[in-house]
Structures are given as structure tokens and as C-alpha cells.
Amino acid sequence: MYKFSNKLKIGSFILMALGILGIAIGFISAPSTVEEAKAIVASHGDGHGDAHGAADAHEVAASGHGEAVESHGEAHDSSHDEHLLHQLQNKPWAALYVAAFFFFMIALGVLAFYAIQRAAQAGWSPLLFRVMEGITAYLVPGGVIVFVILLLSVLHMNHLFVWMDADVVAHDKLLQGKAGYLNPTFFLIRAAIFLAGWIFYREYSRKLSLRQDESDDNSNFKLNFRWSAGFLVFYLVSESIMSWDWIMSVDPHWFSTLFGWYVFASMFVSGITVIAMVTVYLKSRGYLPDVNNSHIHDLAKFMFGISIFWTYLWFSQFMLIWYSNIPEEVTYYVTRIADYRLPFFGMIVMNFLFPVLLLMNSDFKRMNWFVILTGIVILAGHYMDIFNMIMPSTVGDQWFIGIPEIGAVLFFAGLFIFWIFRALTTAPLQPKRNPFIEESRHFHY
Amino acid sequence: MASKAIHAYYDDDDVLMLAVKRVKAAKHHIEEVYCPFPVHGLDKAMGLAPTRIAITSFIYGCIGLTVATVMMNYIMIEDWPQDIGGKPSFSYIENMPAFVPIMFELTVFFAAHLMVITFYMRSRLWPFKEAENPDVRTTDDHFLMEIDIHGNEKELKDLLLDTGAVEINIVEKNSH
């Protein structure tokens, strides 16, 4: 049985406390009037001015004030200031949402990886099942928090999703056309169904997994296999729709057909990275005696492979849009390259070049500290990925990685660590009666 | 110079692996093992030096990437610039996304093909080459372990029989 070390527990509490402080500072310092917003921008220098031209068409379109702005010069100023106010008010919310989604997505990615191992009846991984089950335990708190943020958006506590604003929809023909799908009620219903499905599978599969340890036949294992195969079908559809709903719809005029896959690659590689990191940590504390460096090697191969897969999808999306140059599509990249140059290109270096060069060598994949080091960069890179998905449409060029963003990351990191390691204490770390446990113990590359 | 060698036959890869480990533990030098298919971990058990083919593959990949870059720069930018979809080809870097698929494909192409050719040459395999394996059964369902004899025929024979060899032959070997 794993015992939650006091150091780690205290560390996670400190992270959460610092995080709450950062989040609170973010909300308190958000402007409540147009004047305050202008003062904030003025004190930050002219960062806003230079990239404005390129971003304007997109931002204006996204907030639905298109026609009004172009025709009246004076209306432009006041509506622009109001727009700025909304962006700055969105900032702490967006920071919270990005971090909340990022850590939730890790648990969801691990759940998909776990279900694939189950459905494939993989022989190498059963030793790691308890680690994966521990991480997926975070689906419950993580999912509830994301749902609450979405609910608060529907209740107009923030303006993350412009299409939720009835006034915006009334002036926007495209959004009216999408209203049958993109309306607050249906949005919440979908979110609830998806979360319920994912959490149900996680809890049920965990139950079967524990029951298999006490059983004298393989019926639980077989049942788990069937549920996992079925879950993967549900997951593929629901994950895709989730990515349209929770991420793509922050910019409701823009769409990309492979967005679901792209988000999936991000969550998958982050999830596998966290499995590797938690495994290495537990091993360094003397747990998981049968996990050998071939298991780490395999996880690192997945980190390497899925990083390339992510890049492939990122580039497929980018190149087609870049090449065809259709205004309604290309605004997505125009804004990002104009206003988000560093995070946008920095993310590709972190998520592609770094893991490719560091994990290419077979021997490096077996060195724990190498896996951890690369893992930290990959996780930071995929946080930036989510940041780049959400921020341009919610805060525009007012982005900054400051106290609210870092605070939100710290808070959710603390909660994540606390929750998954607490879940790991509830069952033996090594499954006893998994039919493949012997194969997994003797797994060697 | 002719020398004597012992040929031990096995009919199972797991038995072979254990046998190789035992022969190595008894400090005998295994000349060669002939297999009908690759046996995972055999190279490590035999104590062969790690392969360097991955390094050559990386170098070939870099060459492929360079060839693609130079080639596309010459074809699309220098020799015959065109305006495709409103993107005039005046600068390589500005048109780079369009060339990425070619850069990727040629990297893979060079790495894969040159690596295979390197492997064949290093293994001394080429068209019309006379097969080196001493027994045709090693291309079907038998594994063969070859050990040079240095006046320890009896000892080796007992050890090999004990490891589960299904057949043992002593052969005159011509050094090639």
C-alpha cells in the first residue's frame, strides 16, 4: 500500500494556497470600469497599439460588433474601450479556465490511454494500471470544476463564450444559424452527459479492476475489456464534441474539422507524460518494485511518438488554413502570429523539437531524470497549447502570463497532486490477479 | 586454415535464449547463431556490441532534410518562381509551410532506404550472394548455434545437450 508522504501533502497544500492567492489577486485587480481598464493598458505601455491592425478584424468579428464599428468612427472608440474592458475582465476567468481544463484534460488523456490498454489487453502495462487509475480519480473534482466554470459562463458571470450573450447573437446572422446547436441549455446538457459518461466508466472500471484482485476467475477482467472497448467509441465522439464546445466555441465563427483530434493529441501526450512522471516518482520512493526501465522506456516512446503525432495534427491544421488563406479561417492564425508570436512558436519548440531531440536516443528513454525533464517541458508546452487556444478569443492582445495565470496553474497542480496521490493510497499499487500481470513483470525490451 | 566447430540445433526460440545465456555463463565464445526469424534480446544475450545503425539513420535523415531544402529552394524559389494562390515564391522561409511535407518525406525516404542499404552492406548481403548459413533448416524451423572447438569437444557437447539441443554436429570449418 502506498502511503501519502507528508512532504508531498504539505507541498500540495502550499501550491493550492499560493494558487488561491494568485487567483484572488487576479480577480481583485481586474478592472470594473472602462476608465480603470484604460489606465491599466496605459500603464503597461503601448503593447496594444502595434498589433492592433491585424487583430482588429478578428476581434471585432468575434465579439459581434462588426458592422457598427466599421461605419462610425466615434462609436468605434467607445465600443473599443468597452471591448478592452471585457477582455481585461475575462483575463482572470480565462486564466482559471485554461488551468482547470489543462489538468482535467490530463486525467481524461490518462483515461483514454487506460481504456486502450484494457481494450487491447496489453501485456506490458498492467503493473501501471493502479497509477493510471489514481490519476483518473481527478476526473471527478476536475470535471466538476470545469462544469462549474461553464455554468458560470452560461450565467453571464464572465464573457468567455461570446455566443452565450443573447445580445451578440441578435446582431449576428452566423450565430443565429448555429443557435440550434450552440445554445446555453444544450451546451450544458452535452457537458453533463460527457462528464457523466467519462466518470461512470472510470469508476466502474476501477471497481472491476479491484474486484478482479479478489476474484477466482477472469470474469471481471473480461467485463472490463468489453466496457473499455465500448467506452472508447463513446470517448472518441464525446471528446471531439467536447473540444468544439469547450474550446473551439470561444471563437464561434471559426471552425476546423480536425480540432477534436488536435485536442486529443494534446491530452493524450500530457496524460502519458504524467503517468511516466508519477511512476518514476513512486519508483524513486521504493514503490512499484516490479516496474523496470523497459516500462519507462515504453512510456517514453509514447511521449516521443505522440509528440510527433501532435505536431502532425498541428501542422495539418495550420498548413491547410495558411495555404487556402480564406479570411474567415485564417484570422485564427493571423491573430496568433501577430499577438502571440512567442507562445505560439515557443509552444512548437517545446512540444516538438524538444521531445524529438531529447527522446530520440533509445538509452535516454530509460533514464528517469531525462524522462522527468522532458516531461516537464512537454507539460509546460501543452499548457501553452491550451493557452493559445483559449486566450486569443477571450482576452485578445491583453494576454500576459502573470499572477492570475501562474496562480491558477499552481492551484490546480496542488489539487491534482493531492487528489491523485490520495487516490493511490486507497488500493495496493500492484494488481494481484490481472491475468497479464506475469507478462508485465517480465516485460523487457 | 581449417578448424573444427560444433553446431547445436534448437527448435524453440525460448530454449535457444536460455541455452545462449548458459553457454555465455560457462565462458564460451559463441561464433554465430542462425535463426529463421529475429529473436528479441538475442544480441544482448550473445554479448554483441550495440548496433550503430541508429546513428547512421539519423545522419541519413539529416542529409534527406538538407537535400529537400536545397532542392525545393532551387526548384520553387530560384529557378522558376511562381505565384501560387497569392503566395509569390520569392523567399524560402515565407513559403516554408508548403515545403514541409516534402522535407518530411525526403527525410524519411533517405533515412529508411539508406539505412536498409547500409544494413545489407554491413551484413555482406548483395544480389547473387551465396548463402552463409550452414544448414537450410535455419531458414525454416531450426535455430543453430555455432561454437569453435579448442580441444574441449566433449565438455561443449555435454553442455549443449544439457541446454536442450535437438541435434549436435561437429563440422570442419573453412575460414572464409
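A residue counts as buried if 20 or more other C-beta atoms lie within 10 Å of its own, as exposed if 12 or fewer do, and as partly exposed in between. In this predicted model, Tyr9(B) has 19 other C-beta atoms within 10 Å, so it is partly exposed.

Where does Tyr9(B) sit? Its place is in strand S1 of chain B, a strand that covers residues 2-10. Leaving aside residues up to four places away in sequence, Tyr9(B) touches His142(B), Phe143(B) and Leu144(B), along with Ala165(B), Val166(B) and Glu167(B). Then there's Asp135(B): 126 residues separate Tyr9(B) from Asp135(B) in sequence, yet their C-alpha atoms are 9.9 Å apart in space.

Now for chain A. Its secondary structure comes down to 19 helices and zero strands. The C-alpha atoms take up a box of roughly 75 × 40 × 40 Å along the principal axes. A compact globule of 445 residues would have a radius of gyration near 22 Å, and chain A, with 23 Å, agrees with that. Of the 445 residues in chain A, 46% are buried. Looking at contacts in chain A between residues at least 6 apart in sequence, 84% of them join residues at least 24 apart.

What about confidence in chain A? The average pLDDT is 89, and 92% of the residues in chain A score at least 70. Residues 46-72 of chain A are another story, with pLDDT staying under 50. For that stretch, the model has 39 contacts beyond four places in sequence.

Technical notes: Residues are numbered from 1 along each chain as its sequence is written. Chains are lettered from A and ligands numbered from 1 in the order in which they are written. This is a predicted model: local features need pLDDT of at least 70, side-chain atom pairs count only at pLDDT 80 or more; totals for chains, interfaces and linings use all residues. Helices (H or I, at least four residues) and strands (E, at least two) are DSSP runs, numbered from the N terminus. Two residues are in contact if their C-beta atoms, placed from the backbone, lie within 7 Å. The radius of gyration is taken over C-alpha atoms; the globule rule is 2.2 Å times the number of residues to the power 0.38. pLDDT is the predictor's confidence in each residue, from 0 to 100.
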